[in-house]
Amino acid sequence: MEIEKRDLNRGRLEGVSRRAMGKLLGIAVGLWLLSGVFFTLETLRPARTQPRWRRDSKTDVAYFFFTGVVTRPVGTLAAVVALVLSALVAGYQMRPGAVQAYIQERTLMRELPVLVQLVVGLFLADFIGYWTHRGFHRFRTLWRFHAVHHSSEDLDWLSSARVHPVNAAISRFLLVLLLIPFGFDVKVLGTVGPLLTLYGLFLHANVRVPFGPLRYLVASPAFHRWHHSADERGMGKNFAGLFPVLDLVFGTFHLPSEGPERFGVAGERLPDGLLRQMWYPFRARRLRRAAE
C-alpha cells in the first residue's frame with residue numbers, strides 16, 4: 001500500500017513537471033517567433049537608433065517568461081473573481097452552473113453579429129482601459145506598480161512584457177467587471193483581450209510606420225512612444241491602447257511630428273532586475289508620479 005502511494009505521488013509530480021516544462025517550452029517558442037517578426041520590423045523601419053540587445057533586455061526576457069507563468073494566471077484569477085462578483089450583483093446564487101448560466105443569458109448584444117460585437121467590445125474595452133490607465137498614473141499607490149512598466153529607458157516590442165502582476169490583476173478585474181454586464185458572446189470576450197495584448201506588442205515596437213490620417217483613428221507606435229516619454233510635455237498623455245479618439249475627446253492627445261528624446265520614469269530610476277522591480281512598489285516611498 002505504501003509503495004502504491006509513493007508511486008502515485010511520483011506520477012503526480014512527474015505529470016506536474018511535464019506540464020511545467022511544456023508551458024515553458026510554449027513560452028520559449030512564442031518568444032522565438034515574435035522575436036523573428038519584430039526583429040525584421042525594427043530592422044527595416046526603426047523609429048530611432050538603439051542597441052538590438054539593450055542593457056536591460058535580459059530583464060524583459062525574464063518578464064516574458066514570468067508573464068506566462070505568474071502574471072497571466074494572476075490576471076485570470078482576477079477575471080474569475082470579477083465574473084463571480086458580477087453574477088452575484090445580477091442576482092444569481094452561487095451554485096453549480098450559475099456563472100455559466102449568467103454568461104450565456106440571452107441579451108440584446110448577443111443577438112448582434114459577432115463582428116459587430118467584436119468592434120463594440122474592442123471600443124468598450126479600450127474605454128475601460130483608458131480610464132484604468134489614467135487611474136494608474138493619477139493615484140500614487142497605483143503608480144508605484146505601473147511605474148514598473150515605464151521603467152525601460154529604451155523602448156521596443158519586448159519592453160511591453162514589463163508589467164507588474166498587481167497592475168495586470170487590477171486592470172483585468174476592472175475590465176471583466178465592467179464589460180461582462182453588456183452581455184457579449186463569450187467567444188467575443190475571449191478574443192478582445194488577446195487582440196489588445198498582441199496589438200500592445202506592436203505599439204511598443206521601435207518602428208516608424210506612417211499612419212497618416214489614420215493616426216487619429218488607430219493608435220500607432222509613434223503615439224504610444226510619447227506616452228512612455230520621460231519628457232515633461234509627454235507625461236500624462238496618450239492613454240488609449242487602440243482608439244486615440246478617446247485621448248482627443250478627453251484632452252490627453254499628444255502627437256507632434258518629432259518623437260520623444262528619452263524614455264523611463266521622470267526623476268526616478270527603478271532598480272534593475274525582475275525581482276527587485278517586483279518588490280519595488282512595496283518599498284517605494286518617494287516616487288514622482290506621471291501626473292495628468
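Helices (H or I, at least four residues) and strands (E, at least two) are taken here as DSSP runs, numbered from the N terminus. The model is a predicted one, in which local features need pLDDT of at least 70 and side-chain atom pairs count only at pLDDT 80 or more, whereas totals for chains, interfaces and linings use all residues. Residues are numbered from 1 along each chain as its sequence is written, and side-chain values use heavy atoms, with hydrogens and water left out.

The protein chain contains 10 helices and zero strands, and its elements, followed from the N terminus, run α-α-α-α-α-α-α-α-α-α. Its radius of gyration, taken over C-alpha atoms, is 21 Å, close to the 19 Å given for 292 residues by the globule rule, so the chain is as compact as a globular protein of that length; the rule itself is 2.2 Å times the number of residues to the power 0.38. Along the principal axes, the C-alpha trace spans about 70 × 50 × 40 Å. Of the 292 residues, 43% are buried, where buried means under 20% relative accessible area, exposed over 50% and partly exposed in between (1.4 Å probe, protein chains only). Among contacts (heavy atoms within 4.5 Å) with a separation of 6 or more, 73% are made by residues 24 or more positions apart.

Helix α10 (residues 274-283) has as its buried residues Leu274, Gln277, Met278, Tyr280 and Pro281. These residues cover an arc of only 145° around the axis, which puts them on the same side of α10, the arc being that of the directions from the helix axis to the C-beta atoms. An α-helix has 3.6 residues a turn, so residues three or four places apart point the same way. Leu275, Arg276 and Trp279, on the other side of α10, are exposed, while the buried residues of this helix pack against α2 (57-89), α5 (140-146) and α6 (165-179).

Ser86, in helix α2, counts as buried because its relative accessibility is 5%, and, with neighbours within four places in sequence set aside, Ser86 is in contact with Tyr102, Leu177, Ile180 and Pro181. Thr49, by contrast, lies in the loop between α1 (2-44) and α2 and counts as exposed at 81% relative accessibility; the C-alpha atoms of Thr49 and Asn206 are 8.8 Å apart in space, although these residues are 157 residues apart in sequence. Asn238, in the loop between α8 (221-227) and α9 (245-249), is buried with a relative accessible area of 0%, and has a positive phi of about 55° although it is not a glycine.

The structure holds two cavities of 30 Å³ or more, and the largest cavity has a volume of about 90 Å³. Among the 13 residues lining the largest cavity, Arg55, Ser151, Glu153, Arg269 and Leu270 are the closest to its centre. The second largest pocket has a volume of about 450 Å³, and of its 21 lining residues Arg208, Ala222, Ser257, Glu258 and Gly259 lie nearest its centre. Grid points are joined across faces, edges and corners, and a volume is the space filled by probe spheres set on the points.

Technical notes:
On a 1 Å grid over the protein atoms alone, a cavity is a set of points where a 1.4 Å probe fits but cannot get out, and a pocket is an open set with protein on both sides within 12 Å along at least five of seven lines; lining residues have an atom within 4 Å of a point.
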